[in-house]
Structures are given as structure tokens and as C-alpha cells.
Amino acid sequence: MTDATQGAASGGPDESPARPGVQEAEELAIPRNPPRPALALHRELHRVWANDRGLWGQLTAVNHTTLGLRFMGTALVFFAIGGLLSMLIRAQLATHDGAFLDTELYNQIFTMHGSIMMFLFAIPMLEGLGIWLLPKMLGTRDMAFPRLTALGYWCYLFGGLIMLTALLFGVAPRDGWFMYTPLSDATHSPGINADVWLLGVTFVEISAMAAAVEITVTILRQRAPGMKLTEMPLFAWYMLGTSVMMLVGFPPLIAASVLLEVERAFDWPFFDVVRGGDPLLWQHLFWLFGHPEVYIIFLPAAGVLSTLIPALCRTPILGYNAIVAAVLALVFLSFGLWVHHMFTVGIPHMALAFFSAASVLVAVPTAVQVFAWIGTMWKGQPELKLPMYHILGFFLTFVMGGLTGVMLAIVPFNWQAHDTAFVTAHLHYVLIGGFVFPMMAAATWWMPLIFGKRRIKGLGEAAFWVILIGFHGTFFIMHLTGLMGMPRRIDVYPDNPEWVWLNLTSSIFGFVLTIGFAMFALDMILQATLGKRSARDPWGAPTLDWAMPVPSTSYNFASLPGPGMWARVAADVVLPLARGEGVLPGAPRGRREVLVTSVGGARPQHVALLPGNTALPLWLAASIGVFVLLMLAGAYALAGIALIPVAVLVWVWGRGLAPAGDLSPVEAAPGLRLPIHHHARPSLSQSGLFALLVADGALLASLVFGLAFLSVVTVGPVPAPAGGGGADTVTLLAVVVAAVALGVGAAGRAARRRSVAWAGVGLALNLLALALLAVVLGGLDDPTRHARDALRAVLAAYVVVHVLVAAAMSAFALDQFRRAEITAEVAGVLPAWRHWQGFTAVASALVAVAVIAQAGA
Amino acid sequence: MRGLPSLLMLPLMLAACDGPLSALSPRGPVAAEIAWLWWAMLAGAAVLTVLVLALLAMGFGAPRPARARVWIHGMGLWFSVAVLTAVLAAGLWVGERILPRDDGAVTVHAHAWQWGWTFTHTGPDGAEVRSDNLLHIPAGQPVDVLVTAEDVIHSFWVPQLAGKLDAIPGRTNRTRIVADSPGTYAGLCAEFCGLGHARMRFNVEAHAEWPPLLAADDADTADPDREVRP
């Protein structure tokens, strides 16, 4: 294998002369299946994996290719809408006394511009890219949880539509995309505008959590056999980092949104200084999410660069291990520097110095990647094809944005530049440089795989130049605008004629930028419709995503690439895979089968049967949507009732996991007989549950952080001595914790002995805990009295919800026993219940300690 | 920051940087320290941008050996750590020099509300003098401003005199501003605070004499109904 043919992303650390694929083949040998006619295999697979026909088929689709593209397409529509809003902003600011928009509308527009670009464009775009690309790149046929993919999409779409509808009716959020309290509380922001943001964004974030869970599981458990974790394509490392950050980073935002919505709806004073709350608690929780968010957006884009640059330079990437280390460092560091968004809130200089240092430090792993990419270009022979234009656009823009980022991390300078146009310029350099340019490179790179068409020459390059000129014309000068004192989020500046030429320049180039994006979109549309047929793997790319026909099929691979098949040039393995020589060929049993492998070495473990097309995700998302709309309408009692259909549909969802049909082992390759997932542990669902519990733990940690913050940092009125500290409550809480903990034992015995009696005991214990919790809740102080009382009540509610779910899981287990679905071989819901019960026991013990300590304090 | 072009633009930019709200035309030592820091960082950033883009351009030549030790450890790790350490040290040094400290500086009070400012200083007779949207300070000496908020979060900013500091309900923040010479300086609210945000401006009047003897119509222009709680 020459340098040029060894995979860019598939290559291991370039320092080692060994070829990882070959090594692996020696360790893990899987004989090939006999070749079969490719067309027959295609028909067999397509029948099983294709979407249903017609419009209904679009509603029931769960396929990752369909949904990944739909995520990205929808995100592009929102990008266009967000872009149009920014044009309105630029039109208003073009002169010093713009009368184009009134202030109320202007505030709604800039709030929606930021919110749309963050939550409805960037995040769904990267989710869509991961969902569409990862199974192809890792050598599998779909994501781990196809119904969850669809649920995520519908939640995203409905949440986004709610926010857009609010804009059409003039009741869109208007308090900035950061929603600082008290400006966003019920007193200073009456009406439903703020609720639209809090409920809409939280609704959309269901899709982020869903995507994070399944991306994590898919990367860890569905890689092609033999594709070790330490040798997988770099894009997968980046997406793994991203999804872990999403699991830990989004819960603080969700926690904050729920708290603020509860404050607005029920007057629980989490952020009200008069009653012991603190507006800074919102800022901490928001930026605990908000800063990792920047890297959540950047990492997938960097993953694209680490895939495209070596492929376009015909050489393996320089420093695979160093880049993996840089990704992990970014994931870790990005949670330690959120305070740099709060340098002006009045924090002691020592603490500022710490967060300043952390913010500066995060530039190091970024620099490592930038120099690894440039080194790769030195090592190889870069080809100036269209994706490379956008990569160069990335370098120019992102390097400058990164450097202004370092400037902003320096505290004294931040005090001047914070909340000025300088920051607006910086963040657009980072986000357009670090996300949009790489995404445009990705789009031009993968278009042939999406539509099977070649591009029309010329227009793409023209679009690139117009975008580049428009972008730098708009935002370069905006640094100066900010340093000359122009704050963000103002609509007029009648007393500052010195800003007019700056703003007018930005506005004019802003329209150039928009024209550039329109040209880019036109280029995509022309390629999709008028382009000539593309050859397979038109780039000579090394990664598995090109080892399939163009456009890609519904099932990706007729047979899954075995050891030694994934580490080659994609074009070499297309035919063997299409002829079924790889693992798990075809769909002879008429069901959707994927291979599940071990986390580290990707050894084949079992075959997972994935669910087929279903409208259930649509119904579930719609029923959650009804709940959100009722909350928006202020019909809180009805909203509570609307949770019943949600719970019923979740139960139905769980029923869909029950074993059915032929459960006998599957011969994936000659001599390789694998059990199906009902007979194997740990299953994908179990891995998914662990990922979910990580997020759940982050949610609990956010709430406990809130309580600690209010108790230690906030200087507010001291709460009246808390009730609930009495001996009665302490005893009750102790009994609750004991009941839930005993429930862990019951679930464990039920799982080990397949014992229906122990499942019954578990249910009884959970119901007992619920009854006692009702008494505890009744004994807690009025949550509207003081912020700490309110947070204690929220923590108690957190436990109630978890015990409720535990009770439902034990009931579900009893139902499975009744249906005789649980057998000696099939554990059904029991393992999941045991893990959930265990988590609930730990969480309730923590909450009990927190509540009692508060009462004692 | 765009390397060479920005260096060529420098004279033009310097000329264009003036303005009543410009952080680049400082009128006191605090703002001057920060402006100095900015110009130094800009120069460094311009050099780095040119360097990276030059390396990138050179990548388009014939393939040549590239060693991870040079690119990853040398450039990525040690070079960036060295540069960042220098920048961080400069920032901390400037930060320490411009902090408010217990040196008996004159203290005034700025209270922000939707949408305006009520300022308080101690008059010649020892009584508190309040004024709306006009802050009186002595020239040529450090002044500590206690910043508070009535309703939502605002931010106190006089770009020619110092950086900004947020006014947060329930908290009293202290910042230091210094004006070299007597005169009027423009200030504004820098944190988005609702409908009146764009017009939430104020002026700072630096006096040679302190406390100033204000004409009757200059003193106590504050709305007497507004309760101001330092």
C-alpha cells in the first residue's frame, strides 16, 4: 500500500510503519462469504430497508440516510431564514437613525437570528451530518436507534415551527438569544415571547439529546469488525467528542430553561434577588452550556477537515494520535472556561485569572490541529479542487477568529470589547470560519454521494469568492466598529456619526455575502438536478463512505466490511461488498440487521435487529408538541393531562422492543455464528441507557450546582428557617431512599432469577417510595417563598419523576412476564430497569442529603 | 488581523479610531493601558496570521517530509504555549495595575434603571448630590464607581476612561475610572436591557475642582421620586 492509497482517516498514527488494517486482519480473521449476484442482493436489501412509498413513507421513515439529509435540508432552510433576518438587521443599521424596524421588532429579529443560527441551524446541521455520515463511514447500515432519529427530527421540526410561527405573529422571543434574567422574567418580559424561547428551544433540544445518545452508541458499538477505537476514522473521534459534550453540556441549558419557565409560570423565584434568587445563576448555567456549545459546533467541522485535507492531499493525516488527544483535551477544557463570557459581572480578579488562563489554554489543542493540517499539506500534494477552496477559506477566517478569541480571553481587553461589535465580529469569524466554511467543503465533497451527480463547473468557485469577499467585507471592519464603542443589540445611534461609514460598509458587504450564499445554494440545486452522473468514489477517497454505489442506497452496504476490507482504498472494496463477500450479507431473514461489535477492538458480538418504518416517532413528537403548546397557552392543568398520551406512547415504544419472530443465531460469515440481540448483552439499548444516564447525571449536577450556588455565592435575603428539617421529614426521606435502594436489590434478583415475584416486590417498593414522597412534598416549604425552597422542591420533583419511571419499568417487567416474553435467555426490560433503579437510588440519596443539609443550614 | 493588509491599513485605522466612545482614543491611564494591550496583541496577531497563511501557501509545493515532532510538538504545542503565556502574562499585569484598590480614592455611585442612570457623589457640604445621566468626577485622580441596578442587568461603560462593568440587581460592583484632564466623556449601557437600551446614554463630567460647585440647575437633577439604594 503506498502513501497515496493508504486511508487518510483510516490510517493509524503515521509514525508507525505498520498498517493497522493488516495487523488487525491477523488478529481477527473473518472468512469471506461466497460472492452472489449484486443485483439480487440489492433487491433483497432494498425491500427490507427502503422507506414506505409516497408521502406516508416520508412520515414513517426511520432510515438514517433519509433523516440525516432531512435534518441537513431543514437546517439549511432555517439558515436561509436566519440569514434573511440578519439582512433586516444590517438594513436597520446601515444608517444612524434607521426607521426601517421599530425597536420591539428589531429586538425580536436579532434574538431570533441568534437563536435560529445556534439551535435551528448549527446544531441540527451537525447532527444531520453525523446521522447521515457515521454509519457509512463506520461500515454499518443504520444508527443504533432509528426510531429515536425520527423522534429527534420531528421534535426539531415542531419546535422550530413553533418559534417561527411566533415570529410571524410578532410574539417571538426578544430578550437576546442568551435570555438573561431578570430581563426575561415575568415582570420585565410579560407575554409569551420568552416562553416561546424556553419551551421551543427545550423541545428542539430533545433532538440534540437523542442524537447525542445514538451517535455515542453507534460509534462505540457499530464499527466494522476489526476497526479498533484507536484506528477509526478521525471524523468518528470528533463526533464522539461532540456527542459526549452534548450529553454533558445540554443538561445545564435544559435545567436553566425549565427553572426559568417554572419561575415565569408558577412564580418560583430561582432568579429573583428579592427572594434569595440570583440572576447570575442563569448566566452560569447558560454558559456552562454555551461555551461547550461553541466546541460542539466546531468539532464536527474540524472532523470534516481532518477527513478532507488528507484525502485531497493524497497522504495520511499527520499526527493521528495527537489529533485524538487534542479532541479529548478540547472536550475536557471546554467545560472549564464558561466564565469568560462573564468577565464583566464583577468576579474577583484571582478567579478571572484562572478562567482567563483556561480560556487561553484551549487555544493549544486547536493550534495542534491547525498545524497538523498544514503539516499534512506539506507532506502531501494538495489538489485545488472546490472543497479545498472552502478549506482555504476556513484557514484564513478561522485563524483570525481564533486570534481575536485569544484577545478576548485577556481580561482587561475583554472589559473594553465585551458586548461590542468586536465580539459580533469575532463570533462570526469563528462560527462561519470554523463551521460554515468546513460545512461548505463537506457539501461539495459529499454531494456526489447524496445525489449521484457531478457538479457544474464554475459556479461553485464563483460562489466561494463572493462569499469570502462578502464575509470579510462585512465582519473585518466590524472589529473596529466595536473598538470605537458600538455596543451590540442597539437599533439606532443618532449621536455617533463616526460609526456610519463602518456600518454602511458592513451592510453592503452583508448583502454581497447573502448573494454568495444564494449562489452556493443554486450550485447545489443545479448539481442535484442537472448534474451528470457521477462515478463511484469520484475523489479516490479512502474512507468507507465511498465504498458504496452513488447515490448511496437505503442499506449502505450489501455486506458489511470485514477486517482488512475497511483499511483500503474505498474503490477496491466496493465490488466485494456489493457481491456480499463481507459480513452479514443481504437480508435473507427479511428484517433490518446490523452487526454489533465490542467497544475497544470491534470484535463481532451479536446481531441487532432494528425496527422498521413506523409513524410512532411522529405521534410521540406531536403529543409532546401538544404539551408544549398547552404550556405556552398557560393551560397548565391541561398540559399536565397532555402528558398522559406522551406516557402511553412511550410505553408503546417500549413494547416495540419486545422479542418477536425467529430468535435463532445468525451465520454472519462462514463459521461466525452470532446471537441476536435479545440473547446478548450488553445490547445497544443498554449502551444507550448508559449514555442517557450520563446526561441525566449532568442534569442532576446542574440542579445541585444551582442549590450550592444560591447557598454559597448569592448574597440575598436569608431564607426563613426551612421546614422539612424536622425529624419526620428526615425519617421519611430515609425510608424513601431505603425503599428505592431495596428496589435495586429486587430488580437485580428479578433479572438474575427471572423472578416475577421480585419484580412485584420492586413495583411495590417504588409505589411505597412514591407515596412517601407525596408526604415529603407536602411538608416542604412553599416554593414561592424563597429561591432555595424552590430549588429543593425541584430536586424533590426530580426524584419523583425518576421513581415514577422506575415504577413504570417494574410494571413493564411484570407485563412482560405475563406475556411470557421474559425467558431464561431473554431478559427483556429487566437489565434496563435494574440500571435505572440503581441510578435513581444514588440520585435520591444525593437529593435527600442536599435537602436535609439545606434544612439544617 | 488579516496580516499584511491590516498592517497597510494601520495609518488609516489610527486616523479613523477617534470618537467620543472609542476605546482606542483613551483619555485616562486605565483606558490607555488597555489600548496599549490591544495594539500589542494586534501586532502579534497580524504576524501570526501572516506566518500561518505563509506556511499554508508553502504547503502547495511539491511533497516534502513533514515530521510530527516539528509540526505537532514544535509548532502546535511549544510555540503556541510560549505565545499564549506571554499574552496571558501581559493581560494579568495590566489587570493588576488597573484594579480598584483600597487607596482612599473618591467613590461615586452609579445606579442603572430602565432606562437611565442616577449618579450620586458627595457634595462640598458633605451632602449627597444626585444627578440623572450626568456623572461628576474629579479629573486627574482615580475614582471608584459603585455600580448597582434597579430592575434588570445593565452595564456601566465609559470607553475613553476604562472598561465596562455590569450593574446587576442584588449586587454592588466596584470599578475604577480615571480621566487625565477635565472635560466631558461619553458613556453608555453596554448590556442589552430592553426597549430603551440604545438610548441609555450618559455623560461623565471631570472637574478640576473637587467637589465641584455646581450651579443650582446642574445639581440634583435626579427624579426625586426614584429611590436609590447604594
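This is a predicted model: local features need pLDDT of at least 70, side-chain atom pairs count only at pLDDT 80 or more; totals for chains, interfaces and linings use all residues.
In which helix of chain A is Arg264(A) found?

View 1. Arg264(A) is found in helix α8 (residues 234-266) of chain A, where helices are DSSP runs of H or I with at least four residues and strands are runs of E with at least two, numbered from the N terminus. Arg264(A) is buried, with a relative accessible area of 12%, buried meaning under 20% with a 1.4 Å probe and protein chains only. Its side chain reaches the backbone oxygen of Ser184(A) at 2.7 Å. Beyond neighbours within four places in sequence, the contacts of Arg264(A) (heavy atoms within 4.5 Å) include Asp185(A), Ser189(A) and Leu198(A).

**View 2. The open sheet of chain B.** Five strands of chain B, in the order β4-β10-β9-β6-β7, form an open sheet with mixed pairing, two strands being paired if DSSP finds at least two bridges between them. Because β4 (134-138) and β7 (165-167) of chain B stand at the edges with a single partner strand each, one side of each is left without a neighbour in the sheet.

**View 3. The pairing of β6(B) with β7(B).** These two strands pair in the antiparallel sense over three bridges, and His154(B) has Ala167(B) in β7(B) as its bridge partner.

**Notes to the views.** Residues are numbered from 1 along each chain as its sequence is written, while chains are lettered from A and ligands numbered from 1 in the order in which they are written.

Note on methods:
Side-chain values use heavy atoms; hydrogens and water are left out. Buried means under 20% relative accessible area, exposed over 50%, partly exposed in between (1.4 Å probe, protein chains only). A polar contact is a pair of N or O atoms within 3.5 Å; within protein, one must be able to donate a hydrogen and the other to accept it, and residues adjacent in sequence count only if both atoms are side-chain atoms.
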